[in-house]
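Biologist: Please take one part of this model and look at it closely. Then tell me how that part sits in the rest of the chain.

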Amino acid sequence: MPKKVDEYYVVRESKIGPTIFDIFKFDEDFNPVETSVYQVSLSNGMPAGCTCWQRKTFCRHKKILLAYQEAGKLGQEFFYNYTRETWHKPFGQ
Ligand SMILES: [Zn+2]
């Protein structure tokens, strides 16, 4: 089995609108993956659409936004470790 690499994400409220969130990906060393930025929209408090190519009913970006909502961490700049489902404090705090 290949070793699982940690993947981190940060969700930020988008400047586009109050129900849109930008999902940023970071590698295992917390370097931003510039090609992996997606927007997820909320409808009635649930993730509705995503700009990624996965075209799944529930892509990982929607799962990540839900994890932020459930943990009450929206707007807090926490890193979410998608591989381990753990949280990492923002740097400098
Ligand atoms: Zn997606």
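Modeller: Five residues of H1 are buried: His 61, Lys 62, Ile 64, Leu 65 and Tyr 68. They span an arc of only 160 degrees around the axis, which places them on the same side of H1. An α-helix has 3.6 residues a turn, so residues three or four places apart point the same way. The other side of H1 has Glu 70 and Ala 71, both exposed. Keep in mind throughout that this is a predicted model.

Gln 69 also belongs to helix H1. Is Gln 69 buried, exposed or partly exposed? Its C-beta atom has 16 others within 10 Å. A residue counts as buried at 20 or more and as exposed at 12 or fewer. Gln 69 is therefore partly exposed. Gln 54 lies 15 residues away from Gln 69 in sequence. In space the two are 22 Å apart, C-alpha to C-alpha.

Next, the length of the helix. H1 has 12 residues, and at 1.5 Å a residue they should span 16 Å. The end C-alpha atoms are 16 Å apart, which agrees. Just after H1 comes Gly 72, with a positive phi of about 65 degrees.

What covers the buried residues of H1? The cover includes E1, E2, E3, E4 and E5. These strands belong to an open sheet of six, in the order E4-E3-E2-E1-E5-E6 and with antiparallel pairing. The edges are strand E4 (46-50) and strand E6 (86-88). Each has a single partner strand, so one side of each is left without a neighbour in the sheet. Direction ignored, neighbouring strands are turned by 35 degrees against each other on average. Helix H1, residues 60-71, packs on this sheet. Its contacts are with strand E1 (8-13), E2, E3, E4, strand E5 (79-81) and E6. The direction of H1 makes about 155 degrees with that of E4.

Now the pairings within the sheet. Strands of a sheet pair through backbone hydrogen bonds, either parallel or antiparallel. Strand E2 (residues 20-26) pairs with strand E3 (residues 32-43) in the antiparallel sense, over six bridges. In this pair, Phe 21 stands opposite Val 40 in E3. E1 and E2 are also antiparallel, again over six bridges. They form a hairpin, with six residues between them. Here Val 11 stands opposite Ile 23 in E2. E1 is joined to E5 by two bridges, and these strands run antiparallel. Tyr 9 stands opposite Tyr 80 in E5.

Last, the chain around the helix. Along the sequence they follow the pattern β-β-β-β-α-β-β. The radius of gyration is 13 Å, close to the 12 Å that the globule rule gives for 93 residues, so the chain is as compact as a globular protein of that length. The C-alpha trace spans about 35 × 35 × 25 Å along its principal axes. Of the 93 residues, 18% are buried. Among contacts with a separation of 6 or more, 28% come from residues 24 or more positions apart.

To return to the helix: His 61, Lys 62, Ile 64, Leu 65 and Tyr 68 are its buried residues, with cover that includes E1, E2, E3, E4 and E5. Glu 70 and Ala 71 are exposed on the other side.

Conventions. Residues are numbered from 1 along each chain as its sequence is written. This is a predicted model: local features need pLDDT of at least 70, side-chain atom pairs count only at pLDDT 80 or more; totals for chains, interfaces and linings use all residues. Helices (H or I, at least four residues) and strands (E, at least two) are DSSP runs, numbered from the N terminus. The radius of gyration is taken over C-alpha atoms; the globule rule is 2.2 Å times the number of residues to the power 0.38. Two residues are in contact if their C-beta atoms, placed from the backbone, lie within 7 Å. Two strands pair if DSSP finds at least two bridges between them. Axes are lines fitted to C-alpha atoms, for helices over the stretch in contact, and angles run from 0 to 180 degrees between N-to-C directions. The expected span of a helix is 1.5 Å times one less than its number of residues. The arc is that of the directions from the helix axis to the C-beta atoms.
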